[in-house]
Amino acid sequence: MWNDLKGLAEARDGRRIETLFAEDPARAETFSVTAEGMLFDYSKTQIDAEVMDSLLTVARRAEVERRRDMMFAGAKINETEGRAVLHTALRNLEARPVEVDGQDVMPGVLDTLARMEELAREIRGSDITDVVNIGIGGSDLGPKMGTLALAPWHDGPRCHFVSNVDGADIADVLKSCPAQTTLFVIASKTFTTIETMTNARTARSWLEGQGVSPEGRFVALSSNLAKAGEWGIPASRVFGFEDWVGGRYSMWGPIGLSMMIAVGPENFRAFLEGGEAMDSHFRRAPLEENMPALLAVVGIWHNQGMGHGTRAVLPYENRLSRLPAYLQQLEMESNGKSVAMDGTDLPYNSGPVVWGEPGTNGQHAFYQLIHQGTRVVPCEFLVGARGQEPHLRAHHELLLANCFAQSEALMRGRSLDEARAKVADKFEGDELDRQARHRVFPGNRPSTTLIYPALDPRTLGLIVALYEHRVFVEGVILNINSYDQWGVELGKELATALGPMVEGRESAAAKDGSTRQLLAYAQQHMT
Ligand SMILES: O=P(O)(O)OC[C@H]1O[C@H](O)[C@H](O)[C@@H](O)[C@@H]1O
């Protein structure tokens with residue numbers, strides 16, 4: 001089936017996307033889908049009816065719908081860890097029963113949500129001025145991305161996010177925090193992550209150093225209640241979640257607490273409602289009209305069909321500036337694997353390299369390569385029809401014009417004749433030709449656009465859940481376990497072993513020449 005996709009891609013080599021629009025006046029509507037008021041337009045790609053048919057056949061053969069229903073029903077689809085995958089239960093506000101090992105998980109989920117809301121209200125009504133979320137990966141990227149995205153709704157205490165074990169991170173944050181009125185939220189699913197535990201200890205010593213008792217200054221978000229308790233955080237300030245919530249899928253539950261404190265429980269609920277609405281669309285819409293499924297097959301087409309190994313996520317929404325980083329974990333930690341579910345080598349590329357920055361900033365930086373580089377980078381634009389700052393309408397009109405112009409430019413390009421005409425008044429003869437060639441844009445570069453009315457809490461929920469399900473569908477098609485992350489383990493083990501060598505307590509003689517040299521250099525310059 002992969003060869004079929006490649007064959008379809010080869011047969012379309014050199015065909016202009018623009019011609020597809022000329023041939024089919026209804027192309028834009030045909031190759032678009034709407035869900036929950038959002039429009040996903042994938043018509044500026046090489047996808048045509050035959051390609052879409054094959055992509056959906058690939059999805060059906062992979063049993064996307066059956067796997068989806070298994071996920072929602074609490075089946076242990078994370079087979080390498082023997083776990084269910086139920087982040088959707090965290091936003092199941094209608095409390096439809098969801099069973100794991102014969103137990104409905106919903107009473108526990110809703111009870112924790114109610115406790116979080118109670119604490120959020122208490123803190124928002126207290127003298128706490130600053131909340132510092134200490135966490136990394138899935139315990140940082142989601143709430144950080146979401147808190148920034150919802151800045152217009154941020155009426156609670158200031159929120160800071162410390163993740164890096166580089167002491168510069170916490171040092172910079174603590175500089176602006178008054179010790180008397182700062183609350184630390186230790187966010188760690190395992191409560192063993194070295195970066196987080198190191199930063200948490202530093203926070204505690206800092207408070208003590210400022211003469212403030214750490215008592216009542218810490219909250220824990222974790223699935224390891226025992227470890228959180230050992231750390232001395234009282235049970236009333238510990239918010240647990242189960243192992244069926246993957247770290248990179250966890251911002252909907254306790255890990256979202258900092259964001260809830262920032263924007264308030266009502267807005268956090270609106271975010272959950274957005275996620276729930278996307279779940280319901282994903283579960284009910286036929287694949288042809290299913291936004292996450294279509295986003296996924298467009299990704300499969302570009303990566304496994306056309307052979308483009310990266311994709312750029314380009315939000316024309318400044319407050320989604322952390323979305324690319326969030327999606328890097330969501331997509332690359334989920335689908336960056338080399339073996340299929342049964343442990344055999346994947347006979348095709350796994351998920352793409354995901355990267356990006358907000359427009360218009362990226363335009364003035366790396367879009368050069370996107371437009372004229374030798375590699376094709378499929379681009380995914382996101383934009384709100386309305387900006388978050390309605391009184392600055394002129395800004396938003398420019399933003400929209402830029403976003404639409406980029407996808408048009410990527411598709412149309414500029415021919416040599418057009419380039420010549422641009423510089424004909426300045427050069428002539430061979431020089432005109434040479435100068436013109438530098439100004440040619442090959443065009444025919446694929447992009448998609450997700451446009452929504454405006455970025456608000458509910459829409460953020462829709463967008464995040466859309467991408468989660470996209471990752472799920474791509475993972476099912478690729479026959480990958482999207483819910484483990486063994487690839488992060490080796491580095492952690494080696495870092496633990498290298499620690500004593502960095503400190504000079506253990507010999508590095510058994511290490512390779514490069515590692516020995518780096519250690520020696522560091523030790524020479526450390527003091
Ligand atoms: O929440 P924690 O247990 O501290 O884990 C934080 C992060 O670290 C791990 O290494 C994983 O790669 C991530 O998936 C996880 O989100």
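This note walks through a sheet and some helices in the structure above.

1. A word on the model before we start. It is predicted, so to speak of local features a pLDDT of at least 70 is needed, side-chain atom pairs count only at pLDDT 80 or more, and totals for chains, interfaces and linings use all residues. Residues are numbered from 1 along each chain as its sequence is written.

2. Let's begin with the sheet. Strands of a sheet pair through backbone hydrogen bonds, either parallel or antiparallel. Here six strands form an open sheet with mixed pairing, in the order E1-E2-E13-E12-E10-E11. (Strands are DSSP runs of E, at least two residues, and helices are runs of H or I, at least four residues, numbered from the N terminus; two strands pair if DSSP finds at least two bridges between them.) Strand E1 (32–35) and strand E11 (353–355) are at the edges with a single partner strand each, so one side of each has no neighbour in the sheet.

3. Now look inside the sheet. Strand E2 (residues 38–41) and strand E13 (residues 447–452) run antiparallel and are joined by three bridges. Phe40 stands opposite Leu450 in E13.

4. Next, a helix pair. Helix H17 (residues 416–423) packs with helix H18 (residues 429–438) at an angle of about 115°, their axes 8 Å apart. (Axes are lines fitted to C-alpha atoms, for helices over the stretch in contact, and angles run from 0 to 180 degrees between N-to-C directions.) That makes H17 roughly perpendicular to H18, a label for angles of 65 to 115 degrees.

Terms used
Angles under 35 degrees count as roughly parallel, over 145 as roughly antiparallel, 65 to 115 as roughly perpendicular and the rest as oblique.
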